[in-house]
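Biologist: Hi! Could you walk me through this model in plain words?
Modeller: Happy to, let's open it up.

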Amino acid sequence: MYSLKRIAPENRRIEIWLDERKEPGKNTQKEYFEWFNHACRVIRRYSTMEIGGYGIRVDYEDMQIVDFLKEWKNQEYQPDYLSAICFAYERGENKMDYYAKRSLDNEFLLHKIQTMKKLAGKAGMGEVKFYITEWNLSISDRNYINDSCFKGAYVIKNILDAYGKIDELDYFLGSDHVAEYFDSNALLSGSMGLLSKDNILKPAGFAYDFLKRLYPHYIGHGENYLISTNRHHAYGIICHNQKPLNYNYYFTDENQIDREHIWKYFDDKDKLELHFTLNRVERGEYQMKVYRVNEKSGSILDIWAELGYEKELSRDDIKYFRRVCEPKLTMQKCETEKDVLKFAVSLEANEIVFIKLNKLL
């Protein structure tokens with residue numbers, strides 16, 4: 001069961017967007033700053049919650065963003081944080097086409113974060129908190145890549161890329177319920193949610209579930225993993241083997257993605273072998289639990305394929321999906337060599353893994 005926690009008033013925040021249909025020119029700036037300053041004057045009388053904006057579109061011209069931020073510094077109120085919206089699309093040549101084409105850059109999010117931080121620094125706002133309040137690969141609610149194992153690996157890969165470089169990264173959106181239309185009569189329809197409309201976790205949802213299991217103290221991370229600890233002889237490690245999308249994907253309309261042959265949108269299905277060496281650990285025997293989400297375990301799309309993509313599903317059928325759509329768990333024991341713990345894990349293409357290590361008494 002997954003539920004939303006009530007957010008304490010002091011931890012809530014207000015984000016004031018620039019109207020996304022407008023270019024950030026002089027008239028737009030004036031309207032926005034008048035509204036932002038007025039909102040701040042009212043809200044500050046009653047609350048200390050954070051107020052920020054302006055929902056920067058990462059496809060705007062760089063100098064437009066810099067000019068806008070410079071002018072903001074001359075206003076009565078400055079933002080507690082800057083916000084941006086980041087979907088993996090490049091603006092078309094006519095400058096009025098917000099989502100002209102999908103970006104081929106597998107590090108699109110990382111590169112946009114680096115660019116936005118650089119622009120904020122040029123405007124003298126480099127020390128202001130930076131949040132991406134809407135982020136995803138796609139804006140399409142009819143793209144079966146959203147339901148696939150790739151999406152779980154994509155989430156982990158990008159969060160590791162962004163780790164330590166941004167103050168907050170918010171995935172858009174939580175549930176497929178938001179994207180239901182008259183034709184949403186199947187188990188899955190390619191929507192962006194972490195949960196299906198029947199509240200079954202998709203691989204992207206399991207990616208966040210694995211991230212939640214990490215311990216609070218950071219040890220280190222690399223391109224495909226992050227290691228954490230509770231400082232009491234327990235370790236949590238998250239891994240991924242995300243494969244870049246290939247030309248087949250980019251030459252196929254998003255609403256025409258072939259759910260039955262997802263692998264044709266990747267150049268290879270090579271496994272990844274990760275070897276870990278943890279130094280200065282407490283000597284002794286450790287239990288290692290490995291949780292996996294791949295096309296054989298925890299993938300709602302692949303389970304649906306086994307049932308012939310049946311549309312007419314009963315309540316008992318949905319219960320079946322909830323029972324079987326879970327990560328695979330394996331356990332083993334490993335022994336330290338002096339104060340060093342060594343182990344390895346193999347990942348299938350687009351697989352995500354969470355490793356939990358606990359010292360045995």
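**Salt bridges, sheet and core**

Modeller: Arg41 forms a salt bridge with Glu76, with the closest N and O atoms 2.5 Å apart. A salt bridge here is a side-chain nitrogen of Lys or Arg within 4 Å of a carboxyl oxygen of Asp or Glu.

Biologist: Which parts do Arg41 and Glu76 tie together?

Modeller: Arg41 lies in helix α1 (residues 26-43) and Glu76 in the loop between α2 (62-72) and β3 (81-87), so the pair ties together parts that are 35 residues apart in sequence. Helices (H or I, at least four residues) and strands (E, at least two) are DSSP runs, numbered from the N terminus.

Biologist: Before I go on, what sort of model is this?

Modeller: This is a predicted model, where local features need pLDDT of at least 70, side-chain atom pairs count only at pLDDT 80 or more, and totals for chains, interfaces and linings use all residues. Residues are numbered from 1 along each chain as its sequence is written, and side-chain values use heavy atoms, with hydrogens and water left out.

Biologist: Thanks! How many salt bridges are there in the whole structure?

Modeller: A search of the whole structure finds 15. One of them joins Lys271 and Glu348, whose closest N and O atoms are 3.4 Å apart. That pair links distant parts of the chain, 77 residues apart: Lys271 is in the loop between α6 (247-250) and β11 (272-279), and Glu348 in the loop between β14 and β15.

Biologist: Is Lys271 buried or exposed?

Modeller: Lys271 is exposed, with a relative accessible area of 56%, while Glu348 counts as partly exposed at 34%. The cut-offs are under 20% relative accessible area for buried, over 50% for exposed, and partly exposed in between (1.4 Å probe, protein chains only).

Biologist: New topic: what is the strand order in the open sheet of six strands?

Modeller: The order is β8-β9-β10-β15-β12-β13, with antiparallel pairing. Two strands pair if DSSP finds at least two bridges between them.

Biologist: And which strands stand at the edges?

Modeller: Those are β8 (217-222) and β13 (328-335); each has a single partner strand, so one side of each is left without a neighbour in the sheet. Further in, eight bridges join β12 (residues 285-293) to β15. In β15, Lys359 is the bridge partner of Tyr286.

Biologist: What about the largest nonpolar core: which residues touch the most other members?

Modeller: Of its 80 residues, those are Tyr32, Tyr54, Leu69, Trp72, Ile132, Ile145 and Trp304. The largest share of this core, eight residues, comes from helix α4 (residues 149-162). A nonpolar core is a set of buried Ala, Val, Leu, Ile, Met, Phe, Trp, Tyr and Cys residues joined through side-chain atoms within 4.5 Å.

Biologist: Why do such side chains end up together?

Modeller: In soluble globular proteins, nonpolar side chains tend to be buried together.

Biologist: Nice! What does Tyr32 touch?

Modeller: Among its contacts are Ile16, Trp17, Tyr54 and Trp72.

Notes: Contact = heavy atoms within 4.5 Å. Lists of a residue's contacts leave out its neighbours within four places in sequence.
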